[in-house]
Amino acid sequence: MENLINLGVFIILISCGYVFGKIAEKRHYKSIINRERKFLTLPAVSGKNPVGEVPPIRRAQLVQGSVVISVDYFKRMLAGLRNFFGGTVRSYETLLDRARREALLRLKESCPGARQIINLRIETSSISKGGKNRIGSVEILAYGTALYYDIGSPSA
Amino acid sequence: MKYLPSLPRKNDNVSHNHPLREFFLLLAGVVALVLAAYWSLGLFVDFAVERISPEREARLFSAAFSNGADKEDPPSDREAALQEIVDNLAPCIDITFPVRVGVQESEAANAAAFPGGRIVVFSGLLDKVKSENGLAFVLAHELGHYKNRDHLRLMGRGIVLVSLTAMVTGGNADIARVVAPARDVGQARYSQSRESKADRSALEALNCHYGHIGGATEFFEAMSAGRGGVDIGALHYFSSHPELKERIDALNDLAGAMGFSSGEVARIRFEREDAGAAEEGRPSGWRDQ
Amino acid sequence: MFVTNTEMVHGKTITACHGVVAGSTVRAKHAGRDIMAGLKNIFGGELKGYTELLGESRDQAITRMKAQAKQMGANAIVNVRFSTSSVAAGAAEIYVYGTAVTVE
């Protein structure tokens, strides 16, 4: 009897995780794509040198954006099963992709009026990897230097 | 340099195949692997157990479990009567080490065989089964467990499988939720097959001792009659004993195949003092007039 | 496709910049490797299985990054950086990112 209950709970958790996880993911991706389109005009590069010829720079500022996203039960279970056989853990790929793009967008949103982001770095860390009965979540921090041009100068 | 931004059309950083398909595939793989491991390790344990005789098993376990021979109280009349049946059946089942029977007051209608050579019959069973042959079948079934070394088998399998599961899943609680039921189903199926084997041994012993198999299914029929309510089919997969109806059918089929015939059953006789009967509220007609 | 972790591709000039591109992959080890690693924990030494696993993951991540750069029309990636982290018990994630540029 106990086994059947266990199985039942398992099935309910998995279905909830799958359904709600899928909905949340779709919504998030839509929002991400929209915002990325908006911020296309703000270049971000991972190098020291700014893009193109830049006019005198008024201000250079460290900016950052971070986000913590957690897994749903379905993803966790899939990762656990994957652990058995090895290979690409596909369920986590979307999670991390979303998290990174979100962090970058938050960075760009945090500096209105900036003209460029240079020296972009991205740090990942996991919060309690999701072992026994704990929440598995990943934290992404994106940081870089935002350049503000002198007002009145011709932009690049 | 110019700045030419664009958004990639296709997201290369994610895989585009359906997660549900992957999930079911992996799940099926894991369950199949567990069942296969169970089956092959089971063969190994069986091979090892065949090498151990019932006597040695009894010696092994009697070091850890006592068989009640050192109990202070003298056996009650019921215990003495049951012990006599067991002693008579022992040569038919080929058991040479001492097996002692005890009776436990309980509403449960059941009997259990403990490692080391001790059988405990619960008094609820004595209420349901009135004939000597019926009781002999139940006792022969328990003796059959000893003969087949079922305790060793089940214990061996349990240890091997639980260790294997722990080693493979590591600390991962999620996958244990999947593997544990698969493992339990395997154990349950094996246990059911051992019970059927014990039923078969009991039937043969009954025929050997009494010359006929009358009363063999009395216990199962009495239990079926009392049972009402909803029967959830799926539960039987996890149950350690086969379904009652299945057991009755199997015994009838076996009797037909082996050419056993039914016969007259004798009522069990417990010589009791009348005072004792009145105290426990038993009908005074317990003793055959 | 040129991939460097310097500011420029030496010997070429950058004519256009397309923004940041990235590639990532999450890989898990299988149960067998886990058991071997457990044993190595007692005896010490290089975990060759894991080295292989992470090496393959890095290659895959770089391939994905190149594919994304190609989609954007770039032919080189500069200022490439790696980031490794473990995001789930038993799985490691490799992330590689850089700036996609067109060089001549």
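Begin by selecting the strands of chain B that form an open sheet of 3 strands in the order β2-β4-β3, with mixed pairing; here strands (E, at least two residues) and helices (H or I, at least four) are DSSP runs numbered from the N terminus, and two strands pair if DSSP finds at least two bridges between them. Because β2 (100-104) and β3 (111-114) of chain B stand at the edges with a single partner strand each, one side of each is left without a neighbour in the sheet. Neighbouring strands of this sheet are turned by 20 degrees against each other on average, direction ignored, where axes are lines fitted to C-alpha atoms, for helices over the stretch in contact, and angles run from 0 to 180 degrees between N-to-C directions.

This is a predicted model, in which local features need pLDDT of at least 70 and side-chain atom pairs count only at pLDDT 80 or more, while totals for chains, interfaces and linings use all residues. Residues are numbered from 1 along each chain as its sequence is written, and chains are lettered from A and ligands numbered from 1 in the order in which they are written.

Staying in chain B, select β2(B) and strand β4 (residues 118-122), which run parallel and are joined by 5 bridges; in β4(B), Val121(B) is the bridge partner of Val103(B). Helix α3 (residues 77-93) of chain B packs on the sheet by touching β2 and β4 of chain B, with its direction at about 145 degrees to that of β2(B), contact meaning that the C-beta atoms of two residues, placed from the backbone, lie within 7 Å. Helix α5 (residues 132-147) of chain B also packs on the sheet, touching β3 and β4 of chain B, and its direction makes about 25 degrees with that of β3(B).

Next, move to where chain B meets chain C, and find 19 residues of chain C in contact with 15 residues of chain B. The largest share of the side of chain C that touches chain B, 9 residues, comes from β2(C). Strand β1 (residues 2-3) of chain B runs parallel to β2(C), to which 2 bridges join it, and Tyr3(B) stands opposite Cys17(C) in β2(C).

Then turn to the side of chain C that touches chain A, where 30 residues of chain C are in contact with 34 residues of chain A. At least two residues each are supplied to this side by β2 (14-28), α1 (31-43), β3 (76-88) and β4 (91-103) of chain C, and β2(C) gives the largest share, 9 residues. Strand β2 (residues 87-88) of chain A pairs with β2(C) in the antiparallel sense over 2 bridges, and Ala28(C) is the bridge partner of Gly87(A).

Within chain C, select helix α2 (residues 48-72), whose 25 residues reach 37 Å from the first C-alpha to the last, close to the 36 Å expected at 1.5 Å a residue, the expected span being 1.5 Å times one less than the number of residues. The buried residues of α2(C), among them Ala61(C), Ile62(C) and Met65(C), pack against β1 (2-3), β2, β3 and β4 of chain C; a residue is buried if 20 or more other C-beta atoms lie within 10 Å of its own, C-beta atoms being placed from the backbone. Just after α2(C), look for Gly73(C), which takes a positive phi of about 95 degrees.

Finally, display chain A, which follows the pattern α-β-α-β-α-β-β along the sequence.

Notes. Buried ≥ 20, exposed ≤ 12 C-beta atoms within 10 Å, placed from the backbone.
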